[in-house]
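Morning, everyone. Please look at the model on the screen, and then we will go through some side chains.

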Amino acid sequence: MLTYTIRRLILTIPTLIFISFVIFLIVKLSPSDPTANLPLTIPPEVREKIRESLGVNQPITVQYFLWLKQFFWLEPRIFLENSFGWDLGTANETRLISYATRSPVMDLIWERMPQTLWVVGTAYVVGILIAIPIGIYSAYRQYSFFDQAGTFISMVGFSVPPFFSGVLVIVVFSVLIPTDSFWWLPSIYDTTHRVTDWESFKFQFRQMIMPVMVLALQITAQISRFARASMLDNLNQDYVRTARAKGVRERGVVMKHVLRNSMIPVVTVIALGIPGIFGGAIITEQVFKVNGLGQLLIIAIQGGDVPMVQTLTFIFAILIVLFNLVADVLYGLLDPRIRYD
Amino acid sequence: MTDTSLELDKPSRSQWWYVWVQFRTHKGALVGAFVFIFILLGVLIGPWLWPYEATAIDIRSRNQGPSWAHPMGTDQLGRDTLARVMIGGRVSMAVGMTAMFIALLLGTLIGVLAGFFQWLDGILMRLTDLFLALPLLPLLLVIIMLFRETLSASFGPEGGIFILMVSAIGITSWMQTARIVRGDVLSLKEREFMVAARSIGTRNSRMMSRHILPNVLSPIMVSATLGIATAIITESALSFLGLGFPPDFPTWGRLLRDATDFLQQYPERAIWPGLMISLTVLSVNYMGDGLRDALDPRIRGR
């Protein structure tokens, strides 16, 4: 297992390099000029100097390797310096600068990260916590009313895109319900809000309900179906009959024997879904005006902010590759029948 | 005994008849198919029958609620929402189906090649893995942002963005089909009829067209159905984020985006396009579900 993990880890390097190159090429083909948004009063020769200082005039391979170096060598060191107070001699090196804001790209990303992680993370946990009991119960009572209703609701959850479910809950809870009502919820997520006491915690809770539930609906739809299918696979196995025959209580059979075995594929699906949920968060963040990574990406794309788009897209790619690896390794760890060596 | 004689009296039916019989037993799929065909006909024929033009501005009857003259109301320029929803549906459906077709073509080609030729398998599957590792939504946004100007210049604003969107969605969603098809081809290759066909000297091209493609048709059809749903959602998501068709060119995602600006005053305006997207996708998903069951010979006849 360890050799397998190490082999896979080594294999991710060419994958990531290839993806980074693809992303770099696509974005670099963009005709957008980094100085286009500057005031018109800047004379052309100064404009050319600015371009030079941004490194746009260099050959594309040089730019690519510079970007790789900044992303994989300089930024981790800066991160270490900031978190542990060490001095690794990064003060004089040029960091990756955003065209739009002229501040280091990674600083902006670290700034936006908590909002996204907070909303996405909570939604994922909530979604899983709802999905797994539903999956277990629908499988245990297959074709019952609860199961049929669950199937229908998860089909709806699959089909209603977050940009409609989000708008729908805003219409219901922010527009139709009067503002002074208990059920009224804010439609705009206020990220400057700090939780200091009970009242502010209540506000934070209320403003998180809608974005979290919209994201959680999608997660629940997928994972509950998967948990159900996986439970059904196991419920008819011989070991379940043996357990019942030797007098294990029904509760013990389902919650211990069957559940543990059926959670193996579910856990891997949960791991595989994490990068996808960041993609979904791009839209949800746009609907509820959360200023997280997704919104940063949209603004960067609209503004032609090449370094920002490259870095953010690449971070999404890293997430996918990483969690694919995690899922494969988890599968091998949890299921002794799976051996990759 | 009587049963057997009855069975024998029955005229022989084609395979597709049995698929249809099985499909009919799936209630959700049947309802889904009806809803889908209804929406499809509605967006195709509807604009001809409906007296209002989608782009006709009538400023005096702006911001109206639902009435007999305008069943879905009018927008801030007095344009009839029903007409816009129907025209928008045309675009969304066209994008969904064309993108699905491209994805299917690519996926089947790569899947069959990878499954059939051992020496291509490694490289094509690595390619599939690489594509699966790409962050699709951000990349789609980037691609559309970057190539919009160029294509609009050569094919006109609508045609250019249509080509761009369809090919971008198609190129980024063939991977699942390729994987499924490859798996099926690999297992087909071991079967006796394939060995028999090879032993009488059948050429590769004929093996593929005659023996492989008909046998992998069912997974392809299922992923085609589900592909429409994904493509429609992707198109709407892009339009919703403001990176789709030009503003005066309605699609469901675009209409939803425009409606969110008036959410406080006219909340019902956002419901219609959203409802159409959700209904279409839901019906397509149910159809795919039923088709999967109907095409599976193990389930058939149960």
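Is Arg254(B) buried or exposed? Arg254(B) is buried, at 12% relative accessible area. Buried means under 20%, exposed over 50%, and partly exposed in between, with a 1.4 Å probe and protein chains only.

Some ground rules. This is a predicted model: local features need pLDDT of at least 70, side-chain atom pairs count only at pLDDT 80 or more, and totals for chains, interfaces and linings use all residues. Residues are numbered from 1 along each chain as its sequence is written, chains are lettered from A and ligands numbered from 1 in the order written, and side-chain values use heavy atoms, without hydrogens and water.

Back to Arg254(B). Its side chain meets Asp258(B) in a salt bridge, 3.6 Å from N to O. A salt bridge is a side-chain nitrogen of Lys or Arg within 4 Å of a carboxyl oxygen of Asp or Glu. Both residues lie in helix H12 of chain B, four residues apart, about one turn. Helices are DSSP runs (H or I, at least four residues), numbered from the N terminus. Asp258(B) is partly exposed, at 23%.

Next, Arg179(B) and Asp129(B). Their salt bridge spans 2.6 Å, N to O. This pair links distant parts of the chain: Arg179(B) sits in helix H8 and Asp129(B) in helix H5, 50 residues apart. Arg179(B) is partly exposed at 39%, and Asp129(B) is partly exposed at 28%.

One more pair: Arg292(B) and Asp289(B), with a salt bridge of 3.8 Å, N to O. Both are in helix H13 of chain B, three residues apart.

Over all chains, the structure holds ten salt bridges.

Key:
Helices (H or I, at least four residues) and strands (E, at least two) are DSSP runs, numbered from the N terminus.
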